[in-house]
Amino acid sequence: MQGINKVGIFTSGGDAPGMNACIRSAVRTALHDGLSVMGIYHGYQGMIDRNFSEMNSRSVSNIIQLGGTILKTARCRDFQSPEGRKQAYEHIRAAGIDALIAIGGDGTFTGAEVFSREHDIPVVCVPGTIDNDLYGTDFTLGYDTATNTVIEAIDKIRDTAASHDRLFFVEVMGRDSGCIALNAGIAGGAEAILLPEKETAIEALCDQLSLAASSNKSSTIVIVAEGEKNGGAYHVAREVKARFDFYDTKVTILGHLQRGGSPSSFDRVLASRLGFAAVRQLLAGETRIMVGIQGNKITSTPLTEALSNKAVKLEKDMLEMVKVLAI
Ligand code: ATP
């Protein structure tokens with residue numbers, strides 16, 4: 001495909017704080033560089049439903065501080081079939097779109113990669129997911145904000161836990177990635193953290209809790225990532241209670257409140273940098289890449305490489321540190 005005149009931009013998969021700041025940045029960079037911009041609503045579903053709207057600089061006024069995504073998001077089954085993607089391609093071409101910027105997670109990238117190859121349309125992806133589970137970038141959009149939201153919740157739970165001498169199990173998001181659990185747990189002074197990446201036996205956890213209790217702690221907080229292998233916070237709490245009833249035990253599931261809220265300054269700046277870079281990479285002739293940040297430098301990684309490698313963002317010494325700091 002020769003020359004880019006109109007870029008289509010969309011968000012897909014789970015929403016994440018910072019997506020709007022990224023939309024704003026990509027739209028304004030594209031306009032500045034002489035391109036037209038089409039917003040595609042509800043991710044891939046919007047391509048199939050022809051849900052498009054021309055965007056100008058004012059379309060993205062006053063959104064940098066908003067959580068969620070003004071372009072909406074969706075999970076689209078039809079896009080997983082070649083017929084669905086063919087229909088999507090016909091619709092975006094009819095709308096004059098000749099390049100795409102996709103903001104989302106690995107599912108979104110998988111769809112973008114196959115779509116771009118099948119129909120020879122340039123695509124640049126931006127990592128937007130609170131899980132921080134993508135290879136090729138130190139951080140994904142929304143992760144910093146979500147971690148701060150969890151820390152705020154832990155601080156509040158600590159107040160009530162300490163007043164009643166309670167043991168709290170706080171379940172946080174992370175089916176496969178323990179990034180939020182580990183970092184929010186450390187920042188919130190958690191006594192133990194259970195992660196999807198590392199199995200923790202209930203007996204070992206009880207030993208840790210006994211140690212905390214024997215040093216006259218007035219409260220204990222255990223952070224449980226939703227994908228940890230024992231079966232989630234309620235299950236762990238029941239198992240612990242059966243073996244160790246020193247404390248009054250409570251469970252809090254933070255759930256979807258972790259996805260919402262105004263993006264942190266870190267996420268706003270990252271989103272601005274990645275949206276800007278995505279447009280510039282498209283104009284430089286790049287395709288099927290993810291823009292990311294590594295060591296404060298904006299980088300690009302082929303989608304095939306991003307999708308075939310596992311992100312390793314948990315340093316072993318951090319879990320050891322959690323134990324040391326819990327004495
Ligand atoms: P999150 O990490 O927040 O869940 P995600 O981008 O991984 O975000 P998914 O629901 O996995 O979210 O994927 C988003 C959309 O990408 C899917 O609804 C589907 O339309 C498309 N998609 C995912 N996998 C494929 C695939 N193998 N082929 C084509 N499209 C796909």
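Which residues lie nearest the centre of the second largest pocket? The legends below take up this question along with a few others, using a predicted model.

**Figure 1. A close-up of the second largest pocket.** Asp 176, Glu 197, Lys 310, Ala 311 and Val 312 lie nearest the centre of this pocket, out of 24 residues that line it. The space inside comes to about 500 Å³. By residue type, the lining holds twelve nonpolar, three polar and nine charged residues.

**Figure 2. A close-up of the largest pocket.** Here the volume is about 630 Å³. The lining is made of 30 residues, and Gly 13, Arg 75, Asp 106, Gly 107 and Thr 108 are those nearest the centre. Helix H4 (residues 106–119) gives the most to this lining, with six residues. Of the lining residues, 14 are polar, ten charged and six nonpolar.

Figure 3. Eleven helices and eleven strands make up the secondary structure counted in the protein chain. Its radius of gyration is 22 Å, close to the 20 Å that the globule rule gives for 327 residues, so the chain is as compact as a globular protein of that length. Along the principal axes, the C-alpha atoms fill a box of roughly 70 × 35 × 35 Å.

**Figure 4. Inside and surface of the chain.** Of the 327 residues, 52% are buried. The accessible surface comes to about 14200 Å², with 48% of it belonging to carbon and sulfur atoms. Among contacts between residues at least 6 apart in sequence, 76% join residues at least 24 apart.

Note on methods. Residues numbered from 1 in each chain as written. Predicted model: local features only at pLDDT ≥ 70, side-chain atom pairs only at ≥ 80, totals over all residues. Heavy atoms only, no water. 1 Å grid on protein atoms, 1.4 Å probe; cavity = no way out; pocket = protein on both sides within 12 Å on 5 of 7 lines; lining within 4 Å. Points joined across faces, edges and corners; volume = space filled by probe spheres on them. Helix = DSSP H or I, 4+ residues; strand = E, 2+ residues; numbered from the N terminus. Nonpolar A, V, L, I, M, F, W, Y, C, P; charged D, E, K, R; others polar. Rg over C-alpha atoms; globule rule 2.2 N^0.38 Å. Buried < 20%, exposed > 50% of the residue type's maximum accessible area, 1.4 Å probe, protein only. Contact = heavy atoms within 4.5 Å. Areas by Shrake-Rupley, 256 points an atom, 1.4 Å probe, with all protein chains shown as cover.
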